[in-house]
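Welcome! Please take a moment to look over the sequence and the 3D view below, and then we can walk through them together.

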There are 2 protein chains.
Amino acid sequence: MNGAESLVATLVEQGVDICFANPGTSEMHFLAALGGNPKMRGVLCLFEGVATGAADGWYRMMDTPASTLLHLGPGLANGLANIHNAKRASSGMVNVVGEHSVSHLKYDPPLTSDIEGLARPLSHWVRRAESPNTIAWDAARAVSKAREHPGQIATLILPGDTSWQQIDAAPQLLPVRAEVRKAPSGERIEHVARVLRSGEPTLFILANKATRGLALEKAGRVAAATGALLGSHFFTARIERGAGRVPLARIPYAVAQATAFLKDFRHIITVETREPVAFFAYPDKPSLLKTQGTFVHPFVEANEDSELAFDMLLQALGAPDTAPLLQPRIETPVPTGALNPMSIAHALAAALPEDCIVVDESLTTGRESMSLTMGARPHDLINNMGGSIGYATPVATGAALACPERRVFCMVGDGSAMYTIQSLWTQAREGLNVTTIIFANNSYAILKTEYANMGAGAPGDRALSMIDIDKPRIDWLAMARSMGVPGVAVETAEGFHKALIDSTRETGPCLIEVRL
Amino acid sequence: MNGAESLVATLVEQGVDICFANPGTSEMHFLAALGGNPKMRGVLCLFEGVATGAADGWYRMMDTPASTLLHLGPGLANGLANIHNAKRASSGMVNVVGEHSVSHLKYDPPLTSDIEGLARPLSHWVRRAESPNTIAWDAARAVSKAREHPGQIATLILPGDTSWQQIDAAPQLLPVRAEVRKAPSGERIEHVARVLRSGEPTLFILANKATRGLALEKAGRVAAATGALLGSHFFTARIERGAGRVPLARIPYAVAQATAFLKDFRHIITVETREPVAFFAYPDKPSLLKTQGTFVHPFVEANEDSELAFDMLLQALGAPDTAPLLQPRIETPVPTGALNPMSIAHALAAALPEDCIVVDESLTTGRESMSLTMGARPHDLINNMGGSIGYATPVATGAALACPERRVFCMVGDGSAMYTIQSLWTQAREGLNVTTIIFANNSYAILKTEYANMGAGAPGDRALSMIDIDKPRIDWLAMARSMGVPGVAVETAEGFHKALIDSTRETGPCLIEVRL
């Protein structure tokens, strides 16, 4: 057994059994080890940002980390933007980054770079595997870090000689420890119970693991018992929403609308998150979105257990059996006519099948009207937590691999889709059930709004030419076909609805170009 | 005048008049300033790796830096792989990276990251612009660093408030200083002259600015006067080659062939480079390629002037008027029949027009047979110096903008092309004279060789599935069309030759898929 085989075997033993890979010469022994271990699934990606984004998507649906295989410093660099997004989404991930062997490094060959330096700004844990005999411990530690709550980014640097040298003895590792559920202090429970008993207008902001499963249901009981509103930031890692779920009010994106939404709350109670902050700074707008006079009460910290916290809070409130208020199903008629944010949302509300997954990076077109899909059939909604564009198509890829029996709808602006468009190829290769919806407005439309928001006025022709992407227009059907994905273009709301339904009738990926 | 306007004006004053941009919200004032300054050309790129690679291509042809505009840490991260390649090619570059305003940073909004941390491993110079009143000095310093010889990577971080605040007074900057030509010491000249007078087998290895212009011509005089061989590493930033130029022997890529090539030289004299090192480490192969007993003599250091050095050497040798040996034109007949490395090289040799630019990232298909194009019409050859895949299509984009009257041939493997394929869109948008040649073997073919070289044997089915990219096959004509680039597929050598010639007949980009 060589170092690479020990590494792959350890990853599998510790529960990491998928690797999103973009290998190079220095990773050939890892590839051989991956090929030789039937318990590890290798998924080839043609760009590293697809690999890291797919690992993020995998974690969002599985709550357990995937691994990536990247080729030296530049390969890691290509994956960093989606590692940033994963980090902000609290998605655990184990990155294996190939490196020259120790004896070769001193000659500073062309692909040499400071891999630790590149990894540290966006990793919680970085280590260089120094020997094939200890790599199993390194790998186990990486997985253990990645599995923490909130999930962590662990980056393991794998020199060639560590990879290819034989180990002296098979490693003996401890079994994976079950996660310990960490509770908030009784003092904090009591404090929040007092706030709720005051009857003053109160908003819970739920995030991370509090927006789904039993945690969400129990939050719903608290809301029903106290009259507090349950809400979320504009972006949340994953929400279980739709008919039959506890609904969450979404704090708007734009600063003016967000402050208007928040101004009447006397209290904000945060759950696995912090108080609302503007996404960007603008010359004459505040960074903090709450009104002066609103109190912020941290309830569940990022590393604590929301389900347990809401259990304790329900006990403190004497209301453990209160039934939560659930979102009723809203039968949305199939829209007809022009495509606009409202008809698009209505088409989605009517078409989304039960238990589907929606990955949203639609920016101007889709996201403002997502509230209209609250009464759709139950589904998961995934958002971009780090703000680095190009997250949706890779995350959809990973989510589809994690949940092969569920259809993933990936809503993405045309500008955003271009950053990591290579995802389509992996979707075709793996036959993934992803419906990619391209909102083709031939523009970085969000930037036109932001240009004005920044006080830069209306953009002139030369500035506009850096925002419009209509020369040339991207032919999305040709783009999809080039990577083996069938596509269809729609120009009406009913056409969009039909294309959504059609896409669920066959397995495998497809692309819908929504012409705006 | 605000900070962004001062920045753009300073870049232009200091000779940086093109900006490869992928902007976001925090860069709106820079965009407005760019729009308002007709002396600065903005070139929109749909992925940051295209922007940084294009800046590299610009520098290779102009010997003067371009700027890039990137969106916060993740935008910089997406550009890092081609910054790595540019750094290794000694290409100067000024990166402007948007950042949140100071007042906003403390709230740690989603797009926050350690930009300095991300920039430092691959930049020679990093600074955060702290005030609109001093940004002109920051920008001038960045340009001055980028213009050094060898070229440097300068990264300037631009917070939103620095960008949008008004300056108190117009900055008064010193004019750009002419570069001082730095000479090697007389002692080194004398030493090298002694080595050459010994008559022992000697190889010059030329790199960077020594492989073109008067430096190359004077190196040719030294070779003619002494019988020393002139050579280059396998990869060189830019070589002026072909008929009428001083020819350079290329050290092979593969370790066995490289050591065989080098073994008979008693002396290696390095010019703006170091002794040959293997690209990767292999279990049973050496890292240094020279034979034991070969002496390495550093002649011109990376920051010294090769033309001046060869002038001094010619004086020391008493041979200033020796005529250089020049490569004769070899009229290559148009090849017919099957496409293979040899017929491909012959087609290129016959078709390449005078004064064209060849950017080579062809890996298995093209690069081993490039010696067959030595007698082609005079042209420039550009190679990947950093080894990070995905450099060719962006570098070709920048080179074509730098030299609008010359046609650029971008030779790229199908695997490599996928990393930064968004380049095609910028080529179509700007009407650039780039012929992209895709060698479509549906495989990371180089890795099959490397798998064996690594002693991992023949890859099994599961490992092979991570190397072959034939499921699905990429439809290159659809890919090109999707971004507004016309394409043609060829399956014979004569078809390839014809497509090359055809591509020179009209302006604008085109793509040739070479089906292997």
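Which residue takes a positive phi just after helix 18 of chain B? That residue is Gly455(B), with a phi of about 80°. Before going further, please keep in mind that this is a predicted model.

## Around helix 18 of chain B

Helix 18 of chain B covers residues 445-453. Its buried residues are Ala445(B), Ile446(B), Leu447(B), Glu450(B) and Tyr451(B). In general, an α-helix has 3.6 residues a turn, so residues three or four places apart point the same way. Once helix 18 has ended, Gly455(B) follows with its positive phi.

## Where the two chains meet

Let us turn to the interface. Here 92 residues of chain B are in contact with 92 residues of chain A. Together the two chains bury about 7,900 Å², and carbon and sulfur atoms account for 66% of that area. On the chain B side, Thr25(B), Arg462(B) and Met466(B) supply 9% of the area buried against chain A, more than any other three residues.

In a salt bridge between the chains, the side chain of Arg274(A) meets that of Asp108(B), at 3.9 Å from N to O. Helix 4 of chain B, residues 72-88, gives the largest share of the side that touches chain A, with eight residues. Sorted by class, that side of chain B has 53 nonpolar, 26 polar and 13 charged residues.

For residues 1-106 of chain A, an unreviewed UniProt entry gives the feature "domain: Thiamine pyrophosphate enzyme N-terminal TPP-binding". In the model, this stretch is 53% helix and 19% strand.

## A closer look at Thr112(A)

Thr112(A) sits in the loop between helix 5 (102-105) and helix 6 (115-119) of chain A. Is Thr112(A) buried or exposed? Thr112(A) counts as buried because its relative accessibility is 12%, and the cut-off for buried is under 20%.

Which residues does Thr112(A) touch, leaving out those up to four places away in sequence? They are His100(A) and Leu105(A), along with His84(B) and Arg88(B). Pro74(A) is 38 residues from Thr112(A) in sequence, and the C-alpha atoms of these two residues are 9.0 Å apart in space.

Methods
Residues numbered from 1 in each chain as written. Chains lettered and ligands numbered in written order. Predicted model: local features only at pLDDT ≥ 70, side-chain atom pairs only at ≥ 80, totals over all residues. Heavy atoms only, no water. Contact = heavy atoms within 4.5 Å. Buried area = accessible area lost by both parts, 1.4 Å probe. Salt bridge = Lys/Arg side-chain N within 4 Å of Asp/Glu carboxyl O. Helix = DSSP H or I, 4+ residues; strand = E, 2+ residues; numbered from the N terminus. Nonpolar A, V, L, I, M, F, W, Y, C, P; charged D, E, K, R; others polar. Buried < 20%, exposed > 50% of the residue type's maximum accessible area, 1.4 Å probe, protein only. UniProt positions renumbered as here; feature names shortened; annotations may be inferred.
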